[in-house]
Amino acid sequence: MKKKTFNSLFWKISAVFFILLTVVGLMYIYISFGYSDNYLDEVNQRLNHDTAKNIVENSTPFYNGEVIKPALEEMFHHVRAINPSLEVYLVDPKGKIIAWYPPEKKIAMESINLKPVLLFINDSTNQFIKGDDPLNPGTQKVFSASPLTMNNMLYAYIYVVLKGQEHQVASDSVFGSYMLQLSARTMLVTLLFTLVIGLLIIRIITQNYSKILTVMQKFRQGDLTARVQLQSTGDEKQLGEMFNEMADILTTNIDKLKQVENLRRELIANVSHDLRTPIAIIRGYVETLQMKEETITAEERKRYINTVRESAEKLEKLVNELFELSKLEANQVQAKKEPFIISELVSDISSKYQLIAQTKNISISTILSKELPPVYADVSLIERVMQNLIDNAMKFTPEGGKIIIQTAQSTDNNVEITVSDNGIGIPENDREQIFARYYKANNFTDLKNSTGLGLAIAKKILDLHNSTLDLISVENSGSSFNFKLKCY
Ligand code: ADP
């Protein structure tokens with residue numbers, strides 16, 4: 001079993017999940033900081049909205065349009081009394097800074113943008129507005145502002161930046177660290193909680209995948225019976241089922257290959273035995289003929305030569321049939337189908353066999369149904385089937401026996417051909433196997449002409465015609481083989 005590594009699906013998804021959570025957490029802190037800053041600014045502006053107005057109401061440092069210094073100092077004194085952290089600017093109607101408090105601070109801008117100031121003064125809705133900070137050009141701060149008028153004449157604006165630098169630093173550090181801690185803690189708790197729940201869910205989901213993986217590994221290591229068994233539904237189940245189907249196909253194919261391999265071995269063993277026997281006979285007799293050339297009688301010579309011829313014929317038959325069967329099995333033979341009258345073919349074949357039958361004292365007769373429609377098949381291949389069946393009938397029927405070849409219309413409107421004999425029959429145990437190649441039943445009598453391939457060839461040819469070869473046989477009473485051919 002392969003060692004579990006951090007490379008597994010569970011760990012990968014968990015890592016991505018963890019990274020996502022951290023990113024979301026950091027974004028949360030960032031956003032909440034931005035919002036809390038703005039929130040504080042807004043609160044600050046709302047609370048101190050009227051600060052500038054109060055300053056203006058208390059003192060007016062102008063006389064005849066000119067700034068009066070003592071009055072200005074008094075005004076700033078008043079400001080210090082209210083809130084020493086305020087930054088107050090006296091700004092002319094064009095935005096130019098005329099004076100400021102605290103005076104010791106160095107301003108970095110000569111004038112400020114009046115747009116937000118006017119907006120602040122004229123806005124009745126108390127909208128949250130930010131304006132320039134003369135101490136820090138480029139930064140925007142919340143402020144309070146009020147016009148300074150006398151006899152309906154605008155002299156200047158009082159512009160108060162609500163958060164002074166020191167104050168801001170202090171507020172930042174106190175509030176900032178508080179917010180940071182709050183956010184960090186909230187994030188940590190949320191992160192941990194989500195992480196635990198998330199990991200649990202990921203574990204449940206990936207568990208099925210690791211089960212499938214384990215079964216696959218078992219299968220790979222040679223356990224061909226390993227199959228996935230999952231309770232769940234969905235993708236994992238489908239994956240498991242697909243693996244099971246694939247494994248089934250693989251094992252069936254392996255079994256088939258094993259069977260083919262066994263058959264091949266068997267075939268080689270049988271073929272080599274059957275080839276060796278006639279070769280040995282031929283060799284033996286030819287050697288005897290050579291050695292005893294002078295002493296041998298004419299009759300003996302004739303007998304020897306006959307035996308050699310028979311063995312050579314058997315050899316030829318075996319080689320031919322093997323060649324024929326291997327071509328059929330390799331699907332190299334194609335049926336050239338054409339319409340023909342089967343009864344005519346049967347008559348022809350039967351007359352060809354009459355002579356051999358007479359020598360064996362066997363009668364061959366035909367029962368041919370008239371007006372049969374033509375069949376659609378390969379004539380020479382069907383002739384081969386008939387030959388094999390009649391050869392067998394002749395072989396396994398003793399002298400005085402009877403062979404009948406019959407053609408008739410079958411119940412399913414095809415043409416049925418039957419070759420029957422009253423020979424030795426086929427033992428029940430052998431009936432299924434006789435169609436397998438190289439199988440010879442126990443009733444075997446004629447060693448010379450038997451290869452065990454005849455029925456296998458006939459069956460293969462009928463396969464090409466989508467037909468089957470059927471057997472009805474009674475032991476000691478005879479056998480009857482029949483097959484059907486499609487009509488044209
Ligand atoms: P072969 O006849 O060359 O042995 P076949 O494949 O034609 O090979 O037949 C296989 C076996 O089936 C035969 O060996 C025989 O035992 C049996 N068989 C076939 N036809 C008949 C038949 N008409 N009567 C009795 N046995 C038969």
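Predicted model: local features only at pLDDT ≥ 70, side-chain atom pairs only at ≥ 80, totals over all residues.

Mentor: Residues are numbered from 1 along each chain as its sequence is written, and side-chain values use heavy atoms, with hydrogens and water left out.

The pairing of β5 with β6 is antiparallel and extends over 3 bridges; two strands count as paired if DSSP finds at least two bridges between them. Helices (H or I, at least four residues) and strands (E, at least two) are DSSP runs, numbered from the N terminus. Within this pair, Lys130 stands opposite Val142 in β6.

Helix α2 (residues 51-58) packs on the sheet and touches β3 (87-91), β6 and β7 (153-161), its direction making about 30° with that of β6. Helix α4 (residues 115-122) also packs on the sheet, where β5, β6 and β7 are touched, and its direction makes about 70° with that of β6. Contact here means heavy atoms within 4.5 Å. Axes are lines fitted to C-alpha atoms, for helices over the stretch in contact, and angles run from 0 to 180 degrees between N-to-C directions.

The sheet itself is open, with 5 strands in the order β4-β3-β7-β6-β5 and antiparallel pairing. Because β4 (97-101) and β5 (130-132) stand at the edges with a single partner strand each, one side of each has no neighbour in the sheet. On average, neighbouring strands of this sheet are turned by 35° against each other, direction ignored.
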